[in-house]
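Here's a quick tour for anyone opening this structure for the first time.

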Amino acid sequence: MKVLKFGGTSVANAENITLVKNIVSKTESDKAIVVVSAFGGITDLLLNTASLASLQDDSYRSFLKEIEDRHLATIKKLISIKAQSRVLSKVKSELNTLETLLEGAFLIGEITPKLSDKIVSYGELLSSYIISEFFAEAGLDVVHKDSRELIKTNNVNGKAAVNFKLTDHLCTGFIAKTPHKIIVLAGFIASAENGGSTTLGRGGSDYTAAIVAAALNADLLEIWTDVSGMYTANPRLVKQAKAIPHISYEEAMELSHFGAKVLYPPTIQPVLSKGISIQIKNTFDPDNPGTIITKNKNEKGKTVRGITHVGNIALLSLEGPGMVGIPGISKRFFEVLSQSGISVVLITQASSEHSICVGISADDVEEAEGNVNEAFAYELGSGKINPVLVESNLAIIALVGDNMKSHQGLSGKMFSTLGRNNVNIRAIAQGASERNVSAVINKEDVKKALNSLHEEFFEENIKQLNLFVMGVGNVGGKFLNQIKQQQKFLKENLKINPRVIGLSNSRTMVFDEDGISLKNWESLLSKGEKADKSKFFEAVNTLNYRNSIFVDNTASSEVSNTYHSYLGNSISVVTCNKIACSSDYTNYLKLKALAREYNAPFLFETNVGAGLPIIDTLKHLIASGDKVLKIQAVLSGSLNFVFNNFNDKTTFHDVVKQAQEEGYTEPDPKIDLSGIDVMRKILILARESGHQLEIDDIENNPFLPQESLDTTNNEAFFATLKKHEMAFQELYKKAFESGCKLKYVAQFEKGKASVGLQEIPEGHDFYNLEGSDNIVLFFTERYPTQPLIIKGAGAGADVTASGIFADIIRIGIF
């Protein structure tokens, strides 16, 4: 014998009910009890209609009309014309009775719990009757039975307690007598021993099915819903969640209690003692095996089986010096909540007995706060206990698994994962069975917390990096192409999965919560909304993704001024923009401090040497205890390109123009040629070496004429280069005649820094520096005479993009 329960989504309309019929018709059991919910949405409509009627709001009639139309339309789609008359007549008769009940509520201006149960029961009564008639017409051997005749409860309305002894007797007696193979029952509804309608509470259709299954010692209880089983996490919040093939009763109870919506928590209780298996299946994918729930089954000894949450939670804290060592305080506290009908979902108490904290539904906070303060009025007045402290806008997240108790470090792993993602924990609870570890967090952090924990415990340690990229020009475009090219490699070999969630240029910006396609990102961005730096940050912060990284590919001071906001919200920053790190020293320190405080890496390797590991190497030297004595460097790939290509057969103007067109210089080449760019770079290296230095402290020996430095646009700048060509040729001639080459050199020694054009003799490490290459010589206590040398391509979109990419990978494997 098998019991099948179909929820509201499974019977929402005629098309879905046809799917249900196909499933039931293939049942191989000798008898099948089919328990159905009300048509999807009808229970809420009934409750809303009753509420409006009790408020004497005449609009309740329009909702009643909607309820009527839904049922009549479904009948006309499911039942043939020749059989419609009888079914329509029966349903209209029931709807007339419902209308009378609502009219009564309207006239007296109130609704009692008893009347509410009677009204809301019509959802299941009508759906079960219509479905049974459809089954019969389809040729199934079926009978409809009113659940109120089988399931008996006490006289409490709203959530009645079942009289299992009487219910079992009635169920077994009916099944023994009925010759039909299929019995259709209404879920959720029952009756008191005096005959009045009662209900089993929200989610009660699952409970109905379990009660009947236990009463009849069924072989299997199938719960048919719109998802393929119980998942490792809510698939609507965690895209990588997967169905759990096999789970124990206890684990299922914990998951369902803590928010797994596919199963109503009390469902498991009636079948638990009988050892009846429960199978969660998908009406819309009936061949999927779903999840089977049995006694003590933990597949392959896995520790954490699921991660779940309960939203809309508030914390109620009672504390004060008068609680220490005084028996009965906790008892009185819980008695007040119990007498107020308030359910406690989480309890935690300090070992000092100085405070006790409980989690309750946020809907009950106001009542709970008033009643507790009233109950402890004497202690409040004498200062022994403080007024109740209420914290709202919270949620509970929980790890669930039978085998958690036999594995060390799971709680630590959970809390460290949340901490790394800046999820603040307000309270912690863990039962002695260690089947559940719960934490209370801010409700806006739920999605990030669930995804972080799921990634940690279920996703083979593949770390998802969520990128928000500003600047998609020359460097930014190359960067996006590199990500696209390397995604598969990174996932397979480094276990990281970078995806771009947000993109912006100076005109438009676009977001996609599931990741922007890197095949057509240009098209998507062109159709995006108007770019706004503040709104871009707000979107990043609102999405609140774990492992969020803001990537700045611009040279904008406005963008660099937003780094504080990102880091202060635990959003990592990766940038090739040198402005922030070469700004005021206090600002530089503040950014570093924010990165440490909020566990958000702030990486800027490409600020010096594009993709060369200059800053990373320097950090390792300092961290390992070495001390920098002197730095000599050619740090401008742009200037190196210019002076490697400038000679007496070319013009300075043409070489600079070529460098600009090939992407070696900034869009404004004066930034490179004035020396300001190199000043910023040596400043950053000096600071990373542990020295306090400002940009104004650096001596700049410019080679450009003052007229060139004073220009305000590129056209005027290039015009001055032509005008002063003879001066540039003189520089070249003087160096050439001395057997030297011109290099723009940065130097830092004994706390002082300088930049300027120098004549480099043959044999010097800088002499043969080709193309746009950079070179850095680190003289340290460990490398006092033979410096540590880093040399390579120091300019160009590809290498700069690869440096940004490398910083992101550093965060991924951190």
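A quick word on labels before we start: helices (H or I, at least four residues) and strands (E, at least two) are DSSP runs, numbered from the N terminus. Keep in mind that this is a predicted model.

**Helix 26**

- Helix 26 covers residues 676-688, which makes 13 residues. From its first C-alpha to its last it reaches 18 Å, close to the 18 Å expected at 1.5 Å a residue.
- How many of the 13 residues of helix 26 are buried? The count is 11 of the 13, so the helix is largely enclosed by the rest of the structure.
- The buried set takes in Val678, Met679, Ile682, Leu683, Ile684, Leu685 and Ala686, and it also includes Asp677, Lys681, Arg687 and Glu688.
- Just after helix 26 comes Gly690, with a positive phi of about 105°.

**The nonpolar cores**

- The largest nonpolar core has 74 residues, and the ones with the most contacts inside it are Phe652 and Ile682. Helix 26 gives this core its largest share, 7 residues.
- Apart from that core lies another one, of 55 residues, with Leu4, Leu88, Leu125 and Ile131 among them.
- Back to Phe652: setting aside residues up to four places away in sequence, Phe652 touches Val642, Phe643, Phe646, Leu673, Phe703, Leu721, Glu725 and Phe728.

**The second largest pocket**

- About 950 Å³ of space lies in the second largest pocket. Its lining is made of 44 residues, and the closest to the centre are Val475, Asn553, Ala555, Glu666 and Pro667.
- Which helices each supply at least two residues of this lining? They are helix 16 (474-494), helix 18 (533-543), helix 23 (637-645), helix 25 (670-673), helix 26 and helix 30 (797-812).

- Strand 4 and strand 6 (residues 189-192) run parallel and are joined by 2 bridges. Thr153 has Ala192 in strand 6 as its bridge partner.

- Strand 19 (residues 496-504) is mostly covered, with 9 of its 9 residues buried.
- For Val469, the bridge partner in strand 19 is Leu503.

**Strand 23 and its partners**

- Strand 23 spans residues 572-575, with Ser572 and Val574 pointing one way and Val573 and Thr575 the other way; all are buried.
- Strand 22 pairs with strand 23 in the parallel sense over 4 bridges, and Val551 stands opposite Val574 there.
- Strand 24 also runs parallel to strand 23, joined by 2 bridges. In strand 24, Leu603 is the bridge partner of Val574.

**Two residues with positive phi**

- Asn547 isn't a glycine, yet its phi is a positive value near 50°. Asn547 sits in the loop between helix 18 and strand 22 (548-552). Is Asn547 buried or exposed? Its relative accessible area is 18%, and buried means under 20%, so Asn547 counts as buried.
- Ala610 has a positive phi of about 55° and isn't a glycine either. Ala610 is found in the loop between strand 24 (602-603) and helix 22 (614-623), and Ala610 is buried, at a relative accessible area of 3%.

**Lys5 and its neighbours**

- Lys5 belongs to strand 1 (residues 2-6). At 9% relative accessibility, Lys5 counts as buried.
- Where sequence is concerned, Lys5 and Ile223 are 218 residues apart, but in space they are 4.9 Å apart, C-alpha to C-alpha.
- Leaving aside neighbours within four places in sequence, Lys5 is in contact with Val35, Ser37, Ser205, Asp206, Ala209, Glu222, Ile223 and Trp224.

Conventions. Residues numbered from 1 in each chain as written. Predicted model: local features only at pLDDT ≥ 70, side-chain atom pairs only at ≥ 80, totals over all residues. Heavy atoms only, no water. Expected span 1.5 Å × (residues − 1). Buried < 20%, exposed > 50% of the residue type's maximum accessible area, 1.4 Å probe, protein only. Pairing = 2+ DSSP bridges. Core = buried A, V, L, I, M, F, W, Y, C linked by side-chain atoms within 4.5 Å. Contact = heavy atoms within 4.5 Å. 1 Å grid on protein atoms, 1.4 Å probe; cavity = no way out; pocket = protein on both sides within 12 Å on 5 of 7 lines; lining within 4 Å. Points joined across faces, edges and corners; volume = space filled by probe spheres on them.
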